[in-house]
Amino acid sequence: MAGDIAGKRFSMTERLVDVVNENGNPVHTYPITLSTTASEAAFEAKALEAAQYGRLVPTAELAGLTTRMHVSQGGALEPYGDGVPSTSQTKASLDQEVRAEAYRKWVLSGQPDDRSNEFWNEAREEQCRARAYILWQQEGSPNGRSDEFWYRTTQFDQS
């Protein structure tokens with residue numbers, strides 16, 4: 001990929017960067033595009049910035065995040081299998097996702113005037129439940145710890 005700013009040519013490259021929690025488990029993989037002369041550290045710093053901006057984890061857990069360059073297992077490079085589109089955490093906040101789902105539920109229910117809070121709360125709980133499940137899976141589906149992941153997710157939602 002090449003571009004042109006103020007008459008100067010530049011080249012860009014995309015690298016996938018894993019954001020890793022304090023247990024060493026990938027939380028999300030971001031596609032980062034920087035100039036071809038950027039260092040690996042610059043790509044990793046940008047991924048941490050995206051994680052912070054995208055509120056990937058509760059604020060208290062940001063300091064425990066690290067990065068590593070994504071290593072493909074063959075074939076096309078793909079983000080870590082958490083089911084979250086690679087742009088959703090950086091371009092759409094949780095509130096935007098909840099708003100869209102609540103609106104969809106409202107339309108499907110015939111657009112009633114008096115149930116907007118019900119649809120909002122239902123959509124928010126579904127988003128939290130889905131994220132808690134993803135986190136639980138990423139940590140190896142540990143028995144007896146599902147409440148921990150629900151708590152972490154709801155704390156993120158309230159931060």
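**Confidence and local features of a predicted model**

The chain has a mean pLDDT of 75, and 75% of its residues reach 70 or more; pLDDT is the predictor's confidence in each residue, from 0 to 100. This is a predicted model, in which local features need pLDDT of at least 70 and side-chain atom pairs count only at pLDDT 80 or more, while totals for chains, interfaces and linings use all residues. Residues are numbered from 1 along each chain as its sequence is written, and side-chain values use heavy atoms, with hydrogens and water left out.

**Confidence**
- Among the elements of the chain, strand E4 (residues 66-69) has the highest mean pLDDT (89) and helix H2 (residues 88-91) the lowest (36); helices (H or I, at least four residues) and strands (E, at least two) are DSSP runs, numbered from the N terminus.
- Residues 1-6 have pLDDT below 50.
- Where pLDDT is low, the predicted coordinates should not be read in detail.

**The loop between H3 and H4**
- Gln111 lies in the loop between helix H3 (94-108) and helix H4 (116-138), and its phi is positive, near 60°.
- Gln111 is partly exposed, with a relative accessible area of 39%; buried means under 20%, exposed over 50%, and partly exposed in between (1.4 Å probe, protein chains only).
- Pro112 belongs to the loop between H3 and H4 and is buried, at a relative accessible area of 17%.

**Helix H4**
- The buried residues of H4 include Phe119, Ala123 and Cys128.
- After H4 comes Gly140, with a positive phi near 90°.

Notes. Contact = heavy atoms within 4.5 Å.
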